[in-house]
Amino acid sequence: MFELDRHLAQDIVDRAMAILPYNVNVMDRQGLIIGSGDSERIDTRHEGAQLVLANQRVVVLDEQAAACLQGVKPGINLPLLHAGRLVGVLGITGDPDQVRPFAELLRMTAEMLVEQRVLQAEQHWRGQQQEAWLANLLDRHYLVSNLADDAERMRLRWAWPLQPCLICLSPETDHQHAQGQLVTQMRARHPADIVLPLGLHDVLWLRSGKSHAPKLSWLEQVDKRDWPVGRLLIAEAVGTLNDLREATEGLLNLREYVHDLRLSERLIRLSDYRLAVLLHHLQPSWTVHQLLAPLEPLRQADGNGQLLLTLRVWLAHNGHAQSCAAALGIHRNSLRYRLERITEITGLDLDQMTHRVLLSIGLSLLPEQ
């Protein structure tokens with residue numbers, strides 16, 4: 001239920017008096033002046049407003065009528081309505097014949113501001129509800145059945161499958177302002193999708209899993225629109241709330257992985273880094289320590305990072321010597337020498353698939369030089 005407050009009342013007064021050459025008063029539902037161009041009248045009782053409240057109609061007061069009432073000057077007093085309910089009284093001071101043409105302008109201004117305030121309050125409430133729903137989605141102790149009930153109550157409806165995407169804000173932006181701006185822009189651009197603020201630096205985008213996943217061209221388009229998007233992380237489409245919870249957690253873990261390993265790509269798919277993200281999330285566990293152990297002596301012996309870079313490129317080219325040497329810009333004999341040094345230092349045989357997999361997993365947990 002909407003209640004007229006002093007801040008809104010004075011805002012109505014200030015905006016109306018910016019275009020009207022007369023004093024304006026705003027009274028609450030008890031007939032108390034809570035907004036006025038005449039500060040001395042604030043918190044005084046307006047008996048003309050009480051007549052409006054009692055009869056729910058416009059009350060016109062000339063000099064003679066105003067003299068019979070307390071706290072009243074000549075003018076016109078109008079009921080202020082919202083959704084058919086009387087929420088206050090508007091008063092414009094002056095000779096009734098002179099101020100009459102401005103009365104409806106005053107009412108229109110006030111009702112516009114009231115409607116704007118109500119919409120803002122509703123949006124704020126809905127935003128809080130959505131943030132709470134998202135927090136519960138990420139809380140494994142919160143029942144999935146309750147999540148579905150909450151979404152229905154909030155009219156947060158979707159059609160499966162959904163593809164969760166995490167939009168990370170540009171690091172140089174004012175995050176609090178940029179996040180709200182981006183949510184508004186995304187909802188206007190993608191009205192059929194669900195767009196929710198996540199934390200302070202991210203936006204969760206739940207889009208239809210039946211359409212093609214965003215590509216680099218999507219980032220190019222948002223850059224042209226000057227949207228504050230830094231990076232887009234994409235998970236696979238899911239068909240249940242439980243899978244949505246898992247996928248969203250995976251995106252958050254991917255975000256931390258990307259940050260810690262200082263990856264430069266702007267569009268990153270969870271499917272390309274799933275194992276590395278899972279292991280990175282387990283740090284500093286014994287299992288991860290053991291995976292990194294063979295690389296530790298290599299890191300210590302490799303002062304300029306040449307051997308680690310060679311190993312990364314060699315694994316990326318699936319052990320093809322010619323393409324690897326070309327990518328590194330070295331002779332095949334130089335490549336062979338470096339690979340022998342890597343084998344000598346790590347004690348692992350690069351010709352064995354299990355050893356190559358072990359090195360590949362370990363490298364995926366180390367930041368690139």
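Modeller: A residue is buried under 20% relative accessible area, exposed over 50% and partly exposed in between, with a 1.4 Å probe and protein chains only. Arg262 has a relative accessible area of 59%, so this residue is exposed. The phi of Arg262 is near 55 degrees, a positive value in a residue other than glycine. Arg262 belongs to the loop between α8 (241-260) and β10 (267-269); helices (H or I, at least four residues) and strands (E, at least two) are DSSP runs, numbered from the N terminus.

Colleague: Is Asn318 buried or exposed?

Modeller: Asn318 is exposed, at 56% relative accessible area. Its phi is positive, about 55 degrees, although Asn318 is not a glycine. The residue lies in the loop between α12 (306-316) and α13 (321-328).

Colleague: What kind of model is this, and how are residues numbered?

Modeller: This is a predicted model, in which local features need pLDDT of at least 70 and side-chain atom pairs count only at pLDDT 80 or more, while totals for chains, interfaces and linings use all residues. Residues are numbered from 1 along each chain as its sequence is written, and side-chain values use heavy atoms, with hydrogens and water left out.

Colleague: What is the geometry of the rings of Trp133 and Trp158?

Modeller: Their centres are 5.7 Å apart and their planes at 55 degrees, so this pair is tilted. It links distant parts of the chain, with Trp133 in helix α4 and Trp158 in the loop between α5 (144-153) and β6 (162-169), 25 residues apart. Trp133 is buried at 2% relative accessibility, whereas Trp158 is partly exposed at 21%. Trp133, Trp158 and Trp160 form one aromatic cluster. A cis peptide bond, with omega about 0 degrees, joins Trp160 to Pro161, and Pro161 is in the loop between α5 and β6.

Colleague: Which charged ends sit over the rings of Trp205 and Trp227?

Modeller: The criterion is that NZ of Lys or CZ of Arg is within 6 Å of the ring centre and within 35 degrees of the ring normal. The charged end of Arg207 sits over the ring of Trp205, 5.5 Å from its centre. Likewise, the charged end of Arg225 sits over the ring of Trp227, at 5.2 Å from its centre.

Colleague: Where is Pro284 found?

Modeller: Pro284 is in the loop between α9 (274-281) and α10 (286-292). The peptide bond from Gln283 to Pro284 is cis, with omega near -5 degrees.

Key:
Rings of Phe, Tyr and Trp (its six-membered ring) pair if their centres lie within 6.5 Å; planes under 30 degrees apart count as stacked, over 60 as edge-to-face and the rest as tilted.
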